[in-house]
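Colleague: I would like to learn how to read a model like this one. Can we take it feature by feature?

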Amino acid sequence: MPQWATARLAVKGAWVAAVAMAIAIMLGLLAVQSIRLEGFKIWPIDVEGWKPKAERLQATIDNITAAQDLAEQNARTARLEDEAEYRGITERIDNNAKRDLALAGDATELFIAAGGVRPEGADRSPGRAGACTQDRDPADTQGAGRAPELDATPHRSPSGLPDGYVIVRADDVRLCTINTIKAEAGHELAVELERASSAD
């Protein structure tokens, strides 16, 4: 074979070898890139690619987000249920207090109209004295003289009432009644709300 042909074949062989090497390098780079992106799993080798890792992490994030949404929804539902229960308790106690105020208001007005609390013995009518004064009008103090010590009324304060009794204005009696009903309703509300919250 002539020398030029040998040289030509050598150049062609070198060219083919260079092209083959370039193709092999490209295929190797493509394989590495594919493994990096898609992963590679042949026992015992397990390489997680970027894409599966991103999908796995995104699924984890989605699960966390879904769990947070569910927790928020459950908390909102529980809060609304608690608010409805507390509102029901409040309305019931408020309605009871309004009813009690109406009833107590009527009773208070009767109490005020009757003159309030009467000291012991104050309900005796002046026309009914004992047997020893049947022939006299007990209202006529000039004829009756001074009452014996046994029948004397208890010691009276400067207001004219027996000790232990005070004069109270009708408005104060009304106010006291209202405040008592409201205080009892407030106490009942506190007890009921505490019971409901501890049951939750």
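Colleague: Where do I start?

Modeller: With confidence, since this is a predicted model. The protein averages a pLDDT of 77. At least 70 is reached by 76% of the residues.

Colleague: Which helix has the lowest confidence, and which the highest?

Modeller: Helix α3, residues 141-144, is lowest, at a mean of 42. Helix α2, residues 50-113, is highest, at 92. Over residues 123-152 the pLDDT is below 50. Beyond near neighbours in sequence, that stretch has 5 contacts in the model.

Colleague: How many helices and strands does the protein have?

Modeller: There are 4 helices and 2 strands. From the N terminus, the order is α-β-β-α-α-α. Next, look at how far apart in sequence the contacting residues lie. Take contacts between residues at least 6 apart: 54% of them join residues at least 24 apart.

Colleague: How should I read burial?

Modeller: Start with the general idea. In soluble globular proteins, nonpolar side chains tend to be buried together. Now this case. Of the 200 residues, 8% count as buried.

Colleague: Which residues make up the largest nonpolar core?

Modeller: Seven do: I89, I93, A97, A104, I181, A185 and A196. The largest share, 4 residues, comes from α2.

Colleague: What does I93 contact, leaving aside its neighbours within four places in sequence?

Modeller: I93 is in contact with A185, E188, L189 and E192. A185 is also a member of the core.

Colleague: What about T177: is it buried or exposed?

Modeller: T177 is in helix α4. Its relative accessibility is 19%. The cut-off for buried is under 20%, so T177 counts as buried. Not counting residues up to four places away in sequence, T177 touches A104 and T108. A104 belongs to the largest nonpolar core.

Colleague: And how do I read empty space?

Modeller: Again, the idea comes before the case. Rolling a probe the size of a water molecule over the atoms shows where empty space is left. Here, the second largest pocket has a volume of about 300 Å³.

Colleague: Which residues lie nearest the centre of that second largest pocket?

Modeller: G115, G116, V117, V166 and V168 do, out of 15 lining residues. Helices α2 and α4 each supply at least two residues of the lining.

Colleague: How does that lining divide by class?

Modeller: The second largest pocket is lined by 10 nonpolar, 3 polar and 2 charged residues.

Notes. Residues numbered from 1 in each chain as written. Predicted model: local features only at pLDDT ≥ 70, side-chain atom pairs only at ≥ 80, totals over all residues. Heavy atoms only, no water. pLDDT = per-residue confidence, 0-100. Contact = heavy atoms within 4.5 Å. Core = buried A, V, L, I, M, F, W, Y, C linked by side-chain atoms within 4.5 Å. Buried < 20%, exposed > 50% of the residue type's maximum accessible area, 1.4 Å probe, protein only. 1 Å grid on protein atoms, 1.4 Å probe; cavity = no way out; pocket = protein on both sides within 12 Å on 5 of 7 lines; lining within 4 Å. Points joined across faces, edges and corners; volume = space filled by probe spheres on them. Nonpolar A, V, L, I, M, F, W, Y, C, P; charged D, E, K, R; others polar.
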